[in-house]
Amino acid sequence: MRFSQFGLTTLKEVPAEAEIVSHKLMLRAGLIRRLASGLFTWMPLGLRVLRKVEAVVREEMDRAGALELLMPAVQPAELWQKTGRWEQYGPLLLRMRDRHERDFCFGPTHEEVITDIASKELRSYKQLPVNFYQIQTKFRDEIRPRFGVMRSREFIMKDAYSFDSDQDGLEVSYQKMHDAYSAIFERLGLEFRVVWADSGEIGGSKSQEFHVIADSGEDAIAYSDSDDYASNIETAATYPPVGDRPAATQDLEKIETPKAKTIDDICKLLGIDASQTVKTLVVEGTDGPVALVLRGDHELNAVKAQKLDGVASPLTMAGDEMIRDATGAAAGSLGPVGMTLPVYVDHAVGKMSDFSCGANETGFHYTGVNFERDLPAPETVDIRNVVEGDPAPGGKGSLSIARGIEVGHIFQLGTKYSESMGATVQDADGKDRVMVMGCYGIGITRIVGAAIEQNHDENGIIWPDPLAPFDVVLVPINMHRSDEVRDAAEALYTELTESGLEVLFDDRDARPGVKFADAELIGIPHRIVVSERGLQGGELEYRHRRDEESRNLKREEALNLLKESVIS
């Protein structure tokens, strides 16, 4: 491809709306252009990368035995009403009506549609197992689209759905998808981790996320330093501290703290660390408010907390009026001593002694609080986020925390959708059996952004070879003023192209610095420079995008290096 014919426009300045690296570089390199909030046009260069991702995904899905189909993007409301998600999905669901006033939505996902297909097409257990997949446009009406393609409203996704006759079959189908996803991200040259996750609004009994590791990731991942355990912070478990609770060394004292409304305030006032304090949060419950007690330096885990008996789901923090009515005190002065609400105490609090907490009287706190003297020893639960250094599950090693970008998610759905939509097959005894389902998603467009977040420098993108829009950028110097350079560059372009390499030939009449800057911005792995000086010595200048220095190679040596690096 000749640069002059490619219609590629790069930008020197960072667009004002871009917040993270991938968004900035995708706009500057001309991969995408914004149409409206959360809506992007994929320009020719970006589309080449997108197609590379799709090709790898298709190959691995086909290798795993999945069958590709294409379902409508627009879906009738009655399918969603059967599963109860027409209302449950909320404002994320883009609803519309046709000319006959019938309700439809632009599909954010396709569980209902594929289950409808299965209920009509699959009749016998002999047709199972089967796995259908598609690569298609989705729409979720995000309240605040941001970060470019990382959280857009319209996006391209690969979604797959398996159907089995029993749970044992689902386990096999699920593992096939786990292996296929691992192969996809390995082939794309991305550093990733597979983590246990909450099933969320999709539902099901078991799920795992695939995260590309990047500092800008929205999700925190906990992983063991001694085995392959990894989990999203939402589902990473904590355990009661080992050993006995330290003996009390302080007397209980109630002190006036009129200006202390936060953990930081009480720590400054008393000259103590947050780990020596306890905070009490009040949340809405199914039969009235509920108190949750954590160590002062720990964070409440909403996913864990909302699964507790008596706690409302989704987790909702109680308002100031509800707190005062229920406890007689303001939120900043609450504590477990004498608390009259139902109380859940986190594991870490159960082994504390001589701690500080609110006195359930506005403007007052206790110091020197101890269990079994000032309040009963509690039965503890896991309601906090893990932190760096927590014990890993299984007792081997400790946990570290990294940031990740979710690019894939696999679920064991069970019969959640098939039962509500009547998707059954006849078993060997002629009886109807509800099919057991799994679903498996990959964010095709998000992979592109995640790859850039993980692979870039101050000059631009550094594509992993499998994702690069071109294999080689060919940069002739002053070819419009030198017949020798022009002829050599044209011959090299022809030879490289005929050998199977994808070449971007920068044939523009532009300064070398402009060409080099664009080549680095776009991130093509291999760069060949043709110049009069090099030709006089029978050499070409070669540089890999990840290298700091260029090197001069004989023409044949350069050609062999490219062919071996790319084609092999």
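Val21, Ser22, Leu25 and Met26 of helix H2 meet Val448, Gly449, Ile452 and Glu453 of helix H13. The model is a predicted one. H2 covers residues 21–28 and H13 covers residues 444–454; their axes lie 8 Å apart at an angle of about 105 degrees. H2 is therefore roughly perpendicular to H13. By residue type, the contact of H2 with H13 holds five nonpolar, two polar and one charged.

**Chain overview**

- The protein chain has 17 helices and 30 strands.
- Along the principal axes, its C-alpha atoms fill a box of roughly 95 × 70 × 50 Å.
- Of the 568 residues in the protein chain, 52% are buried.
- Take the contacts between residues at least 6 apart in sequence: 68% of them join residues at least 24 apart.

**Nonpolar cores**

- In soluble globular proteins, nonpolar side chains tend to be buried together.
- The largest nonpolar core in this model has 68 residues.
- Within that core, Leu31, Tyr181, Phe185, Leu188, Val448 and Trp463 touch the most other members.
- Val448 also belongs to the contact of H13 with H2.
- Leucine 188 is in contact with Val53, Val56, Ile447, Pro464, Pro466 and Leu467, leaving aside its neighbours within four places in sequence.
- A second core is separate and has 26 residues, including Ala118, Phe163, Met421 and Met437.

**Five-stranded sheet**

- This open sheet has the strand order S27-S26-S28-S29-S30, with mixed pairing.
- Strand S27 (503–505) and strand S30 (551–554) are the edge strands, and each pairs on one side only.
- Direction ignored, neighbouring strands of the sheet are turned by 30 degrees against each other on average.
- Helix H14 (residues 483–498) lies across S26, S27, S28 and S29.
- H14 runs at about 160 degrees to S27.
- Helix H15 (residues 512–522) also packs on the sheet, where it touches S26, S27, S28 and S29.
- The direction of H15 makes about 175 degrees with that of S26.

- S28 spans residues 526–530 and is mostly covered, with five of its five residues buried.
- His526, Ile528 and Val530 are buried on one side of S28.
- Strand S26 (residues 472–476) runs parallel to S28, and five bridges join the two.
- Valine 475 stands opposite valine 529 of S28.
- Strand S29 (residues 539–544) runs antiparallel to S28, with four bridges between them.
- Histidine 526 stands opposite histidine 544 of S29.

**Three-stranded sheet**

- Another open sheet has three strands, in the order S4-S6-S5, and its pairing is antiparallel.
- Strand S4 (74–76) and strand S5 (94–97) stand at the edges; each has a single partner strand, so one side of each is left without a neighbour in the sheet.
- From one strand to the next, the twist averages 35 degrees.
- Three bridges link S4 and strand S6 (residues 103–106) in the antiparallel sense.
- Proline 76 stands opposite phenylalanine 104 in S6.

**Threonine 280**

- Strand S14 (residues 278–283) contains threonine 280.
- Threonine 280 counts as buried because its relative accessibility is 7%, against a cut-off of under 20%.
- Not counting residues up to four places away in sequence, threonine 280 touches Ala291, Leu292, Val293, Leu334, Gly335, Pro336 and Met339.

Conventions
Residues are numbered from 1 along each chain as its sequence is written. This is a predicted model: local features need pLDDT of at least 70, side-chain atom pairs count only at pLDDT 80 or more; totals for chains, interfaces and linings use all residues. Side-chain values use heavy atoms; hydrogens and water are left out. Axes are lines fitted to C-alpha atoms, for helices over the stretch in contact, and angles run from 0 to 180 degrees between N-to-C directions. Angles under 35 degrees count as roughly parallel, over 145 as roughly antiparallel, 65 to 115 as roughly perpendicular and the rest as oblique. Contact means heavy atoms within 4.5 Å. Ala, Val, Leu, Ile, Met, Phe, Trp, Tyr, Cys and Pro count as nonpolar, Asp, Glu, Lys and Arg as charged, and the others, Gly among them, as polar. A nonpolar core is a set of buried Ala, Val, Leu, Ile, Met, Phe, Trp, Tyr and Cys residues joined through side-chain atoms within 4.5 Å. Buried means under 20% relative accessible area, exposed over 50%, partly exposed in between (1.4 Å probe, protein chains only). Two strands pair if DSSP finds at least two bridges between them.
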